[in-house]
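Got your viewer open and a selection tool ready? Let's take a walk around this structure, one stop at a time.

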Amino acid sequence: MGIAWISARVYLRRRRRTHPYPPGPRPSIIIGNLLDIPRGKSWLVYTDWAKKYHSDILHVSALGQHIVILNSLEAITELLDKRSHIYSDRPYWPITEIMGWSFNTLLMPYGERWREHRRYYQQFFKKEASVKYHDAQMHKIRQMLRNFLTAPDTPEVYYRTIGAEISMSMLYGYELMPPVNNDHMYAITEEAVRKGAESLIPGASIVNTFPTLRHLPRWFPGIGFKEALKIEKLTEDMKASTMKFVKSKMANAAVQQCSRTVSRCRASPPRGCGDVIFGCAPFTTVAAIATFILAMMLYPDVQKKAQRELDKVIGVDCLPTNEDRCSLPYLEAIYRETGRWIPVTNLAAPHATSQDDVYNGFFIPKGSYIRIYNRAVAHNLEVYPEPDAFKPERFFDHNSHLNSDEVNYAFGFGRRICPGRNLASSTVWLTMASILSAFNVKKPSDSTTNSQFNYKLDKIYGNEPVRFVPKNNFFTQLAEMNHRLKPS
Ligand code: HEM
């Protein structure tokens with residue numbers, strides 16, 4: 001056994017000697033590519049590098065840390081899917097521990113604790129299990145439509161929180177009521193997630209580049225400890241307030257009987273899973289919905305075509321349910337195109353290698369950070385001609401049937417693929433279908449919105465002005481008859 005291990009190490013070292021690193025900018029002697037590594041909007045720099053080095057796999061290194069950037073679906077699926085036993089770790093970011101985010105599945109190293117979390121998600125969010133949440137989704141989405149009627153010029157106030165409303169009602173039976181500015185649980189969670197995500201942007205935290213700095217006392221200036229400790233406090237508050245709410249619900253026997261959610265909490269999910277879901281689900285889901293709304297404003301013909309399909313298949317005086325999904329191929333194509341046009345994550349969460357590897361003759365050392373450039377996949381000219389245009393038609397074959405490209409890459413890869421993808425898919429799809437059934441999505445007359453927003457997800461994240469005009473009287477009348485909108 002020992003001899004086999006030593007032989008394997010010697011073989012890999014030899015391979016290293018005979019295999020170069022993937023191409024990339026030439027490193028300087030001591031600091032490597034430290035100054036080349038982009039701080040913000042890194043995907044734009046990676047696009048330039050891919051063109052310059054004619055390669056779908058790139059390499060840079062800084063202070064001994066290797067970073068490999070994957071730009072094609074072929075390279076990504078070969079490494080992350082087929083060799084997932086090597087490519088499923090996460091980079092070690094000390095700031096995670098300082099912020100108190102070690103409980104977060106997304107940032108966890110590949111190992112037993114992570115597996116325990118994944119088993120929990122698999123049990124509750126696999127395809128068949130996700131169907132159980134359809135009623136809760138529908139209820140919240142229809143409530144959102146009704147709210148649009150009261151604020152047709154500021155619908156973003158309501159759709160920005162739909163992901164959070166669904167997650168909180170599903171997880172804790174907590175009824176988050178928009179507008180949510182005064183909701184303590186929501187406010188601290190949003191702040192903790194936003195600030196924490198900013199600290200994880202490459203280059204934002206010096207302690208991630210120089211991990212030994214984590215041993216300095218927390219008062220030491222210039223390291224970012226002060227901000228990290230603020231996030232830790234917010235995170236603790238977030239966990240404490242959700243826990244307080246769950247305990248108060250459990251203490252209420254009447255609620256225990258009727259709430260499926262509380263009984264789920266009593267089944268003791270691994271520590272922190274609820275908080276992880278609340279951190280991961282709302283913001284990604286709303287980013288996808290915001291992209292859809294932007295597309296509907298910019299492409300009114302696409303919107304009209306989808307509405308004609310809805311009217312024909314489910315009728316003009318009906319609201320859709322998830323059961324209608326397979327009868328609405330054009331809407332399905334819009335759903336796919338939304339994920340492709342502006343992927344929620346231009347760069348999916350980085351993976352890390354747990355052993356040395358060789359791909360296409362290039363050496364990839366153990367411990368490398370693997371950056372997955374989703375946008376390069378989604379905007380590959382050979383697969384998606386005119387990639388900046390929103391064209392659902394690209395998902396149909398010559399026989400006008402939907403093709404096999406379901407844009408699954410929007411949810412990541414391999415063993416770390418998003419465990420909430422079924423839930424996210426049905427929430428986003430039903431939101432799209434419901435909005436188009438009841439409203440015309442319009443640009444406000446003074447709007448300057450244009451497709452340049454493609455590259456500014458932060459701008460479209462629920463901030464782009466939009467107007468929702470009721471399509472016909474049916475929905476307005478139905479909303480007045482409140483009870484008929486409740487799930488049966
Ligand atoms: C449109 C909505 C969503 C998008 C686009 C999205 C996308 C992603 C992506 C790209 C990853 C990283 C995958 C990788 O490393 O290869 C991820 C991870 C994750 N997502 Fe989602 N997600 C969405 C919604 C959700 C929802 C609704 C939940 C919870 C129910 C969720 C829970 C998670 C968790 C826990 C991880 C960490 C997985 C791990 O590291 O093993 N996400 N998601």
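Select Lys233 and Asp237 in helix H12, which covers residues 225-251. The two sit four residues apart in that helix, so about one helical turn separates them. Show their side chains and you'll find a salt bridge, with the closest N and O atoms 3.3 Å apart. Keep in mind as you go that this is a predicted model.

Now color by accessibility. Is Lys233 buried or exposed? Lys233 is exposed, because its relative accessible area is 51% and the cut-off for exposed is over 50%. Asp237, at 27%, counts as partly exposed.

Stay in H12 and pick Glu236 and Lys239. These two are three residues apart in the helix, so again about one helical turn lies between them. They form a salt bridge too, with 3.9 Å between the closest N and O atoms. Glu236 is partly exposed, at 40% relative accessible area.

Next, jump to Arg119 and Glu112. Their side chains meet in a salt bridge, 3.1 Å from N to O. Arg119 comes out as partly exposed, with 48% relative accessibility.

How many salt bridges does the count come to? The count comes to 17.

Cys418 sits in the loop between helix H18 (374-378) and helix H19 (421-438).

That loop has a couple of other stops. Select Glu386, which is also between H18 and H19. Its phi is near 50 degrees, a positive value in a residue that isn't glycine. Glu386 is partly exposed, with 49% relative accessibility. Then try Ser400, in the loop between H18 and H19. What is the phi of Ser400 near? It is near 60 degrees, again positive in a residue other than glycine. Ser400 counts as exposed, because its relative accessibility is 56%, while exposed means over 50%.

Zoom in on Lys442, which belongs to strand S7 (residues 439-442). At 37% relative accessibility, Lys442 is partly exposed.

Notes: Residues numbered from 1 in each chain as written. Predicted model: local features only at pLDDT ≥ 70, side-chain atom pairs only at ≥ 80, totals over all residues. Heavy atoms only, no water. Buried < 20%, exposed > 50% of the residue type's maximum accessible area, 1.4 Å probe, protein only. Salt bridge = Lys/Arg side-chain N within 4 Å of Asp/Glu carboxyl O.
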